Each structure stands twice: as structure tokens, then as C-alpha cells.
Amino acid sequence: MASTDQANQTGIILTTALASFVTGYMFGIFTTRGYLISPALAEERRRYRNDPVESEESDIDEDDTVLDHAPNWANGLDADRKQGLKFGDSGVAEKRRLMMDTSEECKLVLVVRTDLGMTKGKIAAQCSHATLACYKALARADPSSPERKLLSRWERFGQAKIAVQVKSQAEMLELRGKARAMGLTAEVIQDAGRTQIEAGSMTVLGVGPGPRSLVDKVTGELKLL
């Protein structure tokens with residue numbers, strides 16, 4: 001009697017499993033073919049299946065706008081281009097190449113405003129602030145990043161610093177924008193106003209440390225202080 005009951009239970013289980021399998025299989029077939037979805041969605045799926053395969057170039061914006069994400073320095077140039085990154089005036093490709101070129105000298109340029117009438121001592125103090133600000137900006141990067149390697153390179157080879165001049169805040173801000181667009185560190189110092197000049201005055205712009213040829217594209221035409 002017990003054997004008969006056990007056989008009946010086994011048969012019920014097998015029958016239920018088989019019925020579930022068949023039902024699930026048929027449900028999947030009907031769903032895939034669009035029988036169980038709305039007509040609009042089914043039409044959209046049919047159009048998608050009939051569309052030609054997109055080329056790799058479709059990953060890049062047709063209007064040549066730069067995507068709002070940073071380049072992956074671990075990738076090659078081809079991978080960045082496929083992700084939509086553009087390499088033009090921004091200097092991204094140039095920076096990558098110069099980052100890897102350990103033979104090129106790195107330098108920090110300190111752009112000083114001469115229209116504020118600062119004394120030599122005041123200028124020296126403001127340049128010190130700018131140097132430290134640029135150093136901290138690069139030091140915050142990941143130890144394995146190109147920025148930190150660039151900073152180490154600058155430290156090992158003399159920590160070159162050049163002082164140049166501009167005659168207005170507008171000119172200084174324009175240089176900062178140009179430097180940052182090229183991927184360079186660019187920090188502006190604003191004075192606290194305790195001594196010679198008005199509080200909040202922008203006194204010195206630090207550009208770099210960065211590869212000499214890249215920094216020169218921003219500050220190369222300025223006069224030495």
C-alpha cells in the first residue's frame with residue numbers, strides 16, 4: 001500500500017514538473033514573438049530586428065561635442081575615441097603622450113599680476129601660496145595616477161619654477177581656463193587683505209607642474225617677472 005502511494009506521489013511530481021516546463025516554454029515562445037505584449041511594443045521590436053547593425057563610429061557624437069567624462073588613462077587612444085572622447089584643442093592626447101615621456105622636463109609657472117602694486121616680499125609670499133596649492137592639487141591624486149607620477153618627476157628633477165607677469169585679473173582667468181582645458185593643474189590665489197591689497201584680490205596663478213612643452217602652450221608668450 002505504501003509503495004502504491006509513493007508511486008502515485010512520484011507520478012504527480014513528474015507530471016507537475018513536465019507541465020510547468022511545457023507551460024514556461026510556450027510562454028517564452030509567445031512572449032518572444034510578441035503575442036503577449038502590446039501591439040506598439042511588438043511593432044517597435046520588429047523594427048529593431050530589421051534595423052542594420054550600427055558601425056563602431058556610431059558611438060561617437062556626430063556633432064563633435066566632447067562627452068562629459070574624463071579619459072581613462074589606462075586605455076589606449078583607440079578605446080578613448082570609441083567612447084566618444086575628442087582629441088583636439090583640449091590637449092588630452094598630447095598630455096597622455098607627455099605624461100609617458102619621462103625624459104621631458106617638468107616645470108611650474110607662477111603668473112603674477114603686476115597691476116596690484118605688490119612689493120617684492122608680497123609677491124614672494126603669494127608665489128609660495130600658489131606653489132603649495134598646485135602641489136596639494138596633484139598630491140591628492142591616486143598614487144598610481146599620471147598626475148602623481150608627474151609630481152614625482154618634477155620633484156626629482158629640480159622642481160623648476162618660473163615667474164611671469166600679466167596686467168589684469170581678466171587675463172589671469174583666461175590663462176587659468178586655457179590651462180585647465182588642456183588638462184593642466186591651475187590654481188589661483190586670492191589675498192586675505194591683511195596688508196597691502198584688497199581682500200579677495202587674485203594675485204598669482206600657478207600653472208603646473210607639467211611637461212614643459214605643454215605648459216609653454218599656456219604661458220610661453222608671457223614676459224618674465
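Predicted model: local features only at pLDDT ≥ 70, side-chain atom pairs only at ≥ 80, totals over all residues.

Residues are numbered from 1 along each chain as its sequence is written, and side-chain values use heavy atoms, with hydrogens and water left out.

The protein has eight helices and four strands, where helices (H or I, at least four residues) and strands (E, at least two) are DSSP runs numbered from the N terminus. Along the sequence they follow the pattern α-α-α-α-β-α-α-β-α-β-β-α. Of the 225 residues, 30% count as buried; buried means under 20% relative accessible area, exposed means over 50%, and partly exposed is in between, with a 1.4 Å probe and protein chains only. If we take the contacts (heavy atoms within 4.5 Å) with a separation of 6 or more, residues 24 or more positions apart account for 65% of them.

Now let us turn to helix H7, which covers residues 169-181. From its first C-alpha to its last it reaches 18 Å, close to the 18 Å expected at 1.5 Å a residue, the expected span being 1.5 Å times one less than the number of residues. Which residues of H7 are buried? They are Met 172, Leu 175 and Ala 179, and, seen down the axis, the buried residues fall within an arc of 60°, so they line one face of the helix; the arc is that of the directions from the helix axis to the C-beta atoms.

What covers the buried residues of H7 includes strands E1, E2, E3 and E4, together with helix H8. At the N-terminal end, Ser 168 caps H7, with a side-chain oxygen 3.1 Å from the backbone nitrogen of Glu 171, and just after the helix Gly 183 takes a positive phi of about 90°.

Leu 175 leads us on to the largest nonpolar core, where it is one of the four residues, with Val 111, Leu 184 and Leu 205, that touch the most other members among the 18. Such a core is a set of buried Ala, Val, Leu, Ile, Met, Phe, Trp, Tyr and Cys residues joined through side-chain atoms within 4.5 Å. The elements that give two or more residues to this core are E1, E2, H7, E3, E4 and H8. A second, separate core of 16 residues includes Ile 123, Cys 127, Ala 130 and Trp 154.

Finally, two single residues. Gly 208 is found in strand E4, counts as buried at 0% relative accessibility, and touches Lys 107, Leu 108, Cys 134 and Thr 185, leaving aside residues up to four places away in sequence. Thr 131, in helix H5, is buried with a relative accessible area of 18%, and, with residues up to four places away again not counted, Thr 131 touches Leu 108, Leu 110 and Lys 161.

Note on methods:
Polar contact = N/O pair within 3.5 Å; in protein donor to acceptor, adjacent residues only side chain to side chain.
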